[in-house]
Amino acid sequence: MKIAYLGPKGTFSEEAAVRYFIEDDVEPIMYSSIFEVLEAVDEGKVDKGIVPIENALEGTITMTTDGLIHHDVWIEGEAVLPVRLQLLGNPGAKLKDIKEVWSIPPALAQCRMFTREIHAETKHYSSTAAAAEAIQKEARMDAGAVASEWAAETFGLEVIQQDIHDNDCNSTRFVIITKSPKHRVETGGKAKSMLLITPTEDRPGLLAIILNVFSSLGINLTWIESRPTKKKLGTYRFFIETAAGIEDDQLQRAKTILETYGYDVRTLGSYIKKEL
Ligand SMILES: O=C(O)C(=O)C[C@]1(C(=O)O)C=C[C@@H](O)C=C1
């Protein structure tokens, strides 16, 4: 089974993929952006993909939500990975000499307090592991990468400072995507669903109506996120995650009511959470 994720070797996405697909025969296919992972799944180049969608400290990974809007893919799984960030450097590099910290923006955002404390400049890379690889290739002693211990081993780097994330509760949730919902999700009542709701006209109480529909049907919401429509300033679409599987009658009812009110409702997936 071909599984796509953000590379190169040593990313958190790789760790999530390895742990999630532990029992499967996997052929890893790495891409240099989250968008390309979604595209590969959409175009049928791979069987599945795994992408980060939300971090406990930084919130939504907008590269993923925006990519979900523009690709015809189906979320079939969810996995939560504990994330411990390390400052990695070439062997012998000292913390007092570090002037620059390199990583992917969501990882840099998870250790803002640390980078501020050491007065370092930040530089963006396409992944934590891409930053680690660059530190090694450029043999820099005045720069460090924010990445995992796994990346340190992969690129022969040392941990200069351990656990630099702003809070110990740090974790990232990933979604597992496929081209179409091939398998019926066996829920046992524990499934969640994700909907993308787009209002078709602007009127007062747009969001209140959506929330009232779910609350009046007794459907618990587990996540809500708004993203700009990118058509007009101040107009949004909403990601709504429910504690109800796709086959739940109340959820189907909610969708029908919202459509009657003139909302465009797209089901993005239905899945069960797995702790990694
Ligand atoms: O760069 C990586 O290692 C990734 O897998 C991406 C990513 C993210 O963008 O959130 C995944 C988990 C961590 O939150 C940090 C980085």
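Domain bounds used in these legends come from an automatic or database domain assignment. The model is predicted: local features need pLDDT of at least 70, side-chain atom pairs count only at pLDDT 80 or more, and totals for chains, interfaces and linings use all residues. Residues are numbered from 1 along each chain as its sequence is written.

**View 1. Domain 1 and domain 2 of the protein chain.** The assignment gives domain 1 (2–83 + 171–178), domain 2 (86–161) and domain 3 (192–275). Between domain 1 and domain 2, the C-alpha centres are 23 Å apart. Their contact takes 14 residues from domain 1 and 16 residues from domain 2, two residues being in contact if their C-beta atoms, placed from the backbone, lie within 7 Å. On the side of domain 1 that touches domain 2 there are 5 nonpolar, 6 polar and 3 charged residues. Here Ala, Val, Leu, Ile, Met, Phe, Trp, Tyr, Cys and Pro count as nonpolar, Asp, Glu, Lys and Arg as charged, and the others, Gly among them, as polar.

**View 2. The shell around the ligand.** There are 15 residues around the ligand, of which Thr11, Phe12, Ser13, Ser127 and Thr128 come nearest; a residue is near a molecule or strand if its C-beta atom, placed from the backbone, lies within 6 Å of it. Domain 1 and domain 2 each provide at least three residues of this shell. At least two residues come from each of α1 (12–20), β3 (48–55), α4 (105–109) and α6 (128–137). Helices (H or I, at least four residues) and strands (E, at least two) are DSSP runs, numbered from the N terminus. The shell contains 9 nonpolar and 6 polar residues, and no charged ones.

**View 3. Helix α6 and its cover.** Of the 10 residues of α6, 8 are buried, so this helix is largely enclosed by the rest of the structure. A residue is buried if 20 or more other C-beta atoms lie within 10 Å of its own, exposed if 12 or fewer, and partly exposed in between, with C-beta atoms placed from the backbone. The buried positions are Thr128, Ala129, Ala130, Ala131, Ala132, Glu133, Ile135 and Gln136. Their cover includes α1, β6 (86–89), β7 (100–103), α4, β9 and α7 (149–155).

View 4. Alanine 139 follows α6 and sits in the loop between α6 and β9 (143–147). Its phi is positive, near 50 degrees, in a residue other than glycine. Alanine 139 has 7 other C-beta atoms within 10 Å and is therefore exposed. Histidine 119, in the loop between α5 (112–117) and β8 (121–124), also has a positive phi, near 55 degrees. Histidine 119 counts as exposed because it has 8 C-beta neighbours inside 10 Å.

**View 5. The cis peptide bond at proline 8.** The bond from glycine 7 to proline 8 is cis, with omega near 5 degrees. Proline 8 belongs to the loop between β1 (2–6) and α1.

View 6. Residues 195–272 are 29% helix and 37% strand, with their end C-alpha atoms 15 Å apart.
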